[in-house]
Amino acid sequence: TYDHQIWDNLRAFWDKVQEQARERNLFREHADNLRDNINVLFDDMKKMRSQVQNEFMSTSQRLFDDFSNALDDIEKRIQAGGSKLNSVFEDLKQMQRRYRDAKMSNEHRNQLWTRLDGAFKAAKERKFGPSANEGSLVERHERRLEGLREAIKRMEDSIRRDE
């Protein structure tokens, strides 16, 4: 099987052979023979690497299809609306956790992230109204920070009352 460490070791060995050939510590025929053998090994490693890459891409495609089917179901549930939106948010959070752990290609990862983010925004808009996704990132952070400050103030007031 392909192993990146073996590839690196082969490259390091080839560098040593070249250095010895430059310093004329090896006969020309010996250096040529080593080069030919190392080239065969590199070709074998390239074949194994492409096979591993193909397996990774097929696994990535299967994961992508699974996530896409789940997102299709969630998007239908969002469009239907109703009182089940809390379960939709929970499903989206769970899917986001699985997404972070999934081993996929960058292309599939980016496509899924766009759909996942869109589903979150659609669910948020459906639950809280059309203005739920408005505002810049800074404004959202400011609102959150202000809410946290108010919560701290309420806790401090409660502590004072208890004292």
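Predicted model: local features only at pLDDT ≥ 70, side-chain atom pairs only at ≥ 80, totals over all residues.
**Helices α2 and α4**

Helix α2 covers residues 28-80. At 1.5 Å a residue, its 53 residues should span 78 Å, and the end C-alpha atoms lie 76 Å apart, which agrees. Gly-81 follows α2 and has a positive phi, near 70 degrees.

Helix α4 runs over residues 106-128, 23 residues in total. From first C-alpha to last it reaches 32 Å, close to the 33 Å expected at 1.5 Å a residue.

Both helices have buried residues that pack against other helices. In α2 the buried residues are Ala-31, Ile-38, Phe-42, Met-45, Ser-60, Phe-64, Phe-67, Ser-68, Leu-71, Ile-74 and Ile-78. They pack against α1, α3 and α4. In α4 the buried residues are His-108, Arg-109, Leu-112, Leu-116, Ala-119, Phe-120 and Ala-123. Their packing partners are α2 and α3, the latter at residues 85-101.

**Aromatic rings**

Two aromatic pairs turn up in a search of the whole structure. One of the pairs is Trp-7 with Phe-42. The ring centres are 5.0 Å apart and the planes meet at 70 degrees; edge-to-face requires over 60 degrees, so this pair is edge-to-face. The pair links distant parts of the chain. Trp-7 belongs to helix α1 (residues 4-22) and Phe-42 to helix α2, 35 residues apart. Both Trp-7 and Phe-42 are buried.

**Charges over rings**

A second case involves Arg-109, whose charged end sits over the ring of Tyr-99. Arg-109 is itself among the buried residues of α4.

| Charged residue | Ring | Distance to ring centre |
|---|---|---|
| Arg-109 | Tyr-99 | 5.0 Å |

**His-108**

His-108 is found in helix α4. Its relative accessible area is 5%. Buried means under 20%, so His-108 counts as buried. The side chain of His-108 makes a polar contact with the side chain of Ser-60, at 2.6 Å. Ser-60 is one of the buried residues of α2. Neighbours within four places in sequence aside, His-108 is in contact with Met-57, Ser-60, Gln-61 and Phe-64. Phe-64, like Ser-60, is listed among the buried residues of α2.

Technical notes
Residues numbered from 1 in each chain as written. Heavy atoms only, no water. Helix = DSSP H or I, 4+ residues; strand = E, 2+ residues; numbered from the N terminus. Expected span 1.5 Å × (residues − 1). Buried < 20%, exposed > 50% of the residue type's maximum accessible area, 1.4 Å probe, protein only. Contact = heavy atoms within 4.5 Å. Phe/Tyr/Trp six-rings, centres within 6.5 Å; stacked < 30°, edge-to-face > 60°. Lys NZ or Arg CZ within 6 Å of the ring centre and 35° of its normal. Polar contact = N/O pair within 3.5 Å; in protein donor to acceptor, adjacent residues only side chain to side chain.
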